[in-house]
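Student: I've got a model open and want to walk through some of its packing. Can you take my questions as they come?

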Amino acid sequence: RNGVRDTRNVKITRSAQKADGTSTVLNANIRGDDNIPVATKRVKPAPSIKPPDDPLGAVATAFGTATKWIGVYTAVNLAVRGVKGAFDEMVDSGDKAARLDQVFRGVGGTSRQLYGDVLKLAGAENRATGEAGDAAIAWSRLGGTRAEVAEQVKVSLIAANVAELSAADTTERLSAITSTYALSAFELNGVLGQLNYTSNTTRVTVRALLDGMEKSSQVAKEFGFSLSETQAIIGTTVQKTGQTGAAIGDSVKTILTRIADPGKQQLLRQFGIEVTDQTGSELKSGPKILEEIFLRYQQLNKKQALALTSGLAGSRQSTRFIGILNSYVDAQQNAIKAQLNLNSAEAENVKIKKTIKSELEGLKAEASRFVSEQSNAPSSVLGGNSINEVVGGATKLGKNIIKGLNFSVDLVPDFAKGTYEKVKPYTPFGLRNNLVS
């Protein structure tokens with residue numbers, strides 16, 4: 001370069017096309033003006049990618065193949081989940097049946113018979129079998145017979161529907177009311193009917209009423225309030241004040257407790273309200289005391305009324321006490337009407353069970369009951385023929401599902417291809433070919 005020898009190494013590659021379609025590649029390292037071949041090798045040409053003559057047809061075929069494999073995967077996944085669900089149901093069913101066997105006293109039937117009754121109730125009331133089993137275990141601790149526990153579970157499931165609670169929550173609240181008022185199992189449905197009627201007429205939820213009853217029923221009963229009166233006072237006061245059922249129930253308990261305080265009794269006497277009988281040794285009944293307070297409250301001016309309510313209930317509870325007094329008449333009317341609508345909850349439950357969500361839950365409960373009965377829990381959990389039969393049946397069902405889906409997805413490519421053949425003349429490729437012809 002410019003009369004000066006360049007001593008740098010430079011790699012040069014040359015290629016030539018041969019008659020057989022291969023290329024000869026010459027790699028050379030040159031130094032200055034040297035030109036020395038160092039390696040020669042044959043390189044096959046890269047395969048040419050030829051676009052398909054019918055692109056849409058290729059897409060249709062690929063779509064059919066993909067759909068087939070997706071269908072097979074879905075079928076296998078469903079079958080595996082079905083077998084797992086069936087096995088989990090058997091284990092859970094066995095656990096609940098074993099626990100029920102420990103707490104149920106066996107009067108009127110065996111625990112296995114009772115558990116069968118409970119599973120049927122879950123399907124009938126469109127509730128999950130698991131929560132029905134939990135309710136049966138809780139009610140059995142009260143010592144009822146097979147028929148009584150079944151009736152109590154039924155009411156718990158109906159209450160769960162109308163109160164929008166789980167059966168475990170309704171069972172806890174209803175069992176407290178049952179124990180407080182010494183209710184029989186067959187009176188419980190009427191109690192729920194009264195609560196539901198009050199809920200519908202006061203725009204207060206059954207859940208709020210149950211919460212309030214749980215807080216106040218024990219003290220209210222000691223003061224002579226009936227269940228109907230207590231729930232009516234809670235319902236009408238919640239509507240009047242906008243407070244929660246638990247808050248009003250707590251206020252009822254607090255106010256009644258303070259009436260028994262001699263200091264508060266002296267305060268009431270200052271307003272002309274006597275809370276004891278003629279002997280002075282016994283308190284009047286709670287309903288009678290509340291009636292006298294209400295009548296006297298109507299005669300007081302605002303300052304006197306505030307002194308009465310805050311003095312008896314306290315500053316924190318006075319607002320709720322005013323609500324109780326202002327809704328006193330409505331509560332008395334509601335208590336009477338509620339006793340005339342004992343079937344209110346059942347009537348509403350029938351409407352709730354007709355919803356799609358509820359019917360699907362009932363279908364799941366029936367399927368769970370079938371699996372539970374087939375497994376014969378709890379003994380089968382340890383390994384019996386019934387488990388093998390259930391798992392075998394589920395496996396066979398899964399194979400049949402896969403077989404059916406395979407048959408169905410095999411039709412997809414043919415359907416796609418046939419559809420494409422019909423529209424092919426109207427595609428750009430078809431129009432082009434017709435034009436060329």
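Student: Is Ser140 buried or exposed?
Tutor: Ser140 is buried, with a relative accessible area of 1%. Keep in mind that this is a predicted model.

Student: Where does Ser140 sit?
Tutor: Ser140 is in helix H3, which covers residues 129–140.

Student: And what is Ser140 in contact with?
Tutor: Leu100, Val103, Phe104, Leu114 and Val149. That list leaves aside neighbours within four places in sequence.

Student: Switching to the core. How many residues has the largest nonpolar core?
Tutor: The largest nonpolar core has 77 residues.

Student: Which residues have the most contacts inside it?
Tutor: Val153, Ile259 and Ile293.

Student: Which helix gives the most to this core?
Tutor: Helix H4, residues 146–163, gives the most, with 10 residues.

Student: Back to Ile293. What does Ile293 touch?
Tutor: Ile293 touches Ile259, Leu268, Ile273, Leu308, Leu312, Phe321 and Leu325. Residues up to four places away in sequence are not counted there.

Student: Helix pairs now. At what angle do the axes of H6 and H8 cross?
Tutor: The axes cross at roughly 20° and come within 10 Å. H6 is residues 188–202, and H8 is residues 227–241.

Student: Parallel or perpendicular, then?
Tutor: Angles under 35 degrees count as roughly parallel, so H6 and H8 are roughly parallel to each other. H6 passes H8 in a right-handed crossing.

Student: Which residues meet there?
Tutor: From H6, Val191, Gln194, Leu195, Thr198, Thr201 and Thr202. They meet Leu227, Ser228, Gln231, Gly235, Thr236 and Gln239 in H8. The residues of this contact divide into 3 nonpolar, 9 polar and no charged.

Student: How do H8 and H13 pack?
Tutor: H8 packs with H13, residues 318–326, at an angle of about 115°. Their axes are 9 Å apart. That makes H8 roughly perpendicular to H13.

Student: Left-handed or right-handed crossing?
Tutor: The crossing of H8 and H13 is right-handed.

Student: What residues meet in that pair?
Tutor: Ile233, Thr237, Lys240 and Thr241 in H8 meet Arg320, Gly323, Ile324 and Asn326 in H13. This contact divides into 2 nonpolar, 4 polar and 2 charged residues.

Note on methods. Residues numbered from 1 in each chain as written. Predicted model: local features only at pLDDT ≥ 70, side-chain atom pairs only at ≥ 80, totals over all residues. Heavy atoms only, no water. Axes fitted to C-alpha atoms, helices over the stretch in contact; angles between N-to-C directions. Helix = DSSP H or I, 4+ residues; strand = E, 2+ residues; numbered from the N terminus. Parallel < 35°, antiparallel > 145°, perpendicular 65-115°, else oblique. Left-handed = near helix turned anticlockwise from the far one by under 90°. Contact = heavy atoms within 4.5 Å. Nonpolar A, V, L, I, M, F, W, Y, C, P; charged D, E, K, R; others polar. Core = buried A, V, L, I, M, F, W, Y, C linked by side-chain atoms within 4.5 Å. Buried < 20%, exposed > 50% of the residue type's maximum accessible area, 1.4 Å probe, protein only.
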